[in-house]
Amino acid sequence: MQTIYTLTQTLVDGLLIGGIYAVISIGLSLVFGVMHIVNFAHAEFLMIGMFVAWYAWAWLGLDPMLGAFLALGVTFLLGMGMQRVLIKPILAAPQVAQIFLTVGLLFALENAALLLFGADYRSVSTPYQTEALSLFASGGERIIVPYAKLFAFLMALGLGASVWLFLQRTRTGQAMRATAQDATAARLMGIDTDRMYMLAFGLGTGTTAFGGAVILPYITASPTVGSQYVVLMFTAVVLGGLGSVAGAVVGGLLVGLIQSFSALVLPIQLQNLILFVIFIAVLALKPEGILSRRTG
Amino acid sequence: MTALLEIAGLSGSYGQGEVLHDIDLQVGAREFLAVIGANTAGKSTLLRAISGLLPQVTGRIAFDGTDITALPANRIPALGIAHVPEGRHVFPMMSVEENLRMGAYALDDRRRADRGIERVFGLFPRLKERRRQLAGTLSGGEQQMVAVGRGMMLEPRLLILDEPSLGLAPMVVEEMHDRLLEIHAEGVAILLVEQNVGLALDCADRAYVLASGRIELQGPADELARDDRIRQAYLGI
Ligand SMILES: Nc1ncnc2c1ncn2[C@@H]1O[C@H](COP(=O)(O)OP(=O)(O)OP(=O)(O)O)[C@@H](O)[C@H]1O
Ligand SMILES: [Mg+2]
């Protein structure tokens, strides 16, 4: 009995955190998919989202689940502005120039955050923070689902589904996908691709910031918090296939599950070891991602 | 009579050397025009200049009397110019039907798009069978049907086609040209760039010969087909 409970708990933990990885990876994947640029600074928008939500909580008394929408809006605009000023000029530049720019942006944003927000760790307190659902309790065994993680997961799920619906069902979303798949053809259809690039970058940064905001009840914010997520985010995106939103979701969930199950067999300090072994194996054996289909 | 498309003194480049030199060309309303020429003559570049995809152009391009020389590419389709590019450029991860619907993007009219789909399926019944299949998984000939069908979704007044028979089996080429003649018979003006010179001159009313970025010859298609210079250079007779 004990192992069933342990395994189920591990599964639940993995899915709960995997959902978060999924939503923050969607943002990264969207930016790569539409603009074909690898944004190394992307995790910084998770940090910015956390701080927006923290200030919304500290100054306005907004719960981070609501502050997340503010974070989405603010970073959407910020991302569009940055795309216009910084990314647009280097879209056609050699890849090396793009790498320098986005890595530079990473340090610039981190240091700007240090300057603006200080080095302190910031956390919120919410009524549900220490509460948890207890499921299938019997004879001292139970499955624990902390509310903070459950709410964050559901919010992430909701946003992920909304982004997906936007891309599939709306005219602008379809234009964005067309731009991602063939920018020249998109222009010949009458699509303003420059506008699509800007929107995609804003939506990408906004989605990731939203993911940062909803985990604020159980993760403390600091200017360097992005660095804890950047590699996980890239792993998720590569596992699922760069540029695919559905792939980012599958990749994110997988990363969460792998992390959580590794903790069963390895010490917690090594929880990412198996993950990186799998990551490297995928890069070596199936670099287009485990989900990808071949097209002619 | 004023031409539907009127190009005068057009020169253009990708940024380094000039590729098009002082081109004059007209397409009449309902005319079927062919542009032929050797590889790298600048045929695709000429079509890109019309569609706003060429970064540097001088001279004048007018459509239906309006100067469109400086218009960005994304503003061109709404005028009624559909450009089926060289190499098909279908959206590989979209279904056949989604690809076609993107062709009506500039119309922004659901009902006209629905009607357009039926019209395209009438033109290419094969696409109806494959409407849910991802365009990237289609054969070359089917992809070309999607590309032409997507152009027709715009209900264009001028349909520009860049080597629609490139890499297709001879039977499929014949069929494609029959469809182009059908489209032309509906009243759409056609500007066709084609490496299959015999077939192009067969379909077209008039033709231009482009060499090294200049117009070298022009005239009625049947006359050009009898011209010794053309027969030697392009028809291998
Ligand atoms: N994107 C580009 N950037 C720079 N130069 C280009 C580009 N595309 C074409 N060129 C150059 O412009 C010239 C004309 O090319 P273009 O593609 O228009 O020829 P074409 O007549 O269409 O040839 P083909 O029959 O091979 O399609 C060539 O010298 C080519 O190298
Ligand atoms: Mg060409």
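Between chain A and chain B, about 2,100 Å² is buried, with carbon and sulfur atoms giving 61% of that; buried area here is the accessible area (1.4 Å probe) that two parts lose on being put together, summed over both. This is a predicted model, where local features need pLDDT of at least 70, side-chain atom pairs count only at pLDDT 80 or more, and totals for chains, interfaces and linings use all residues. Residues are numbered from 1 along each chain as its sequence is written, chains are lettered from A and ligands numbered from 1 in the order written, and side-chain values use heavy atoms, leaving out hydrogens and water.

Chain A brings 22 residues to the contact and chain B brings 24, contact meaning heavy atoms within 4.5 Å. On the chain A side, A:Arg171, A:Leu188 and A:Met189 lose the most area to chain B, together 34% of what that side buries. A:Arg171 also meets B:Asp108 through a side-chain salt bridge (3.5 Å, N to O). The two chains share 2 salt bridges (a side-chain nitrogen of Lys or Arg within 4 Å of a carboxyl oxygen of Asp or Glu).

Now for a helix pair inside chain A. Helices are DSSP runs of H or I, at least four residues, numbered from the N terminus.

| Helix of chain A | Residues |
|---|---|
| Helix 6 | 171-181 |
| Helix 8 | 193-214 |

These two pack at an angle of about 100 degrees, with axes 10 Å apart. That makes helix 6 of chain A roughly perpendicular to helix 8 of chain A (65 to 115 degrees counts as such). Axes are lines fitted to C-alpha atoms over the stretch in contact, and angles run from 0 to 180 degrees between N-to-C directions.

Key: Parallel < 35°, antiparallel > 145°, perpendicular 65-115°, else oblique.
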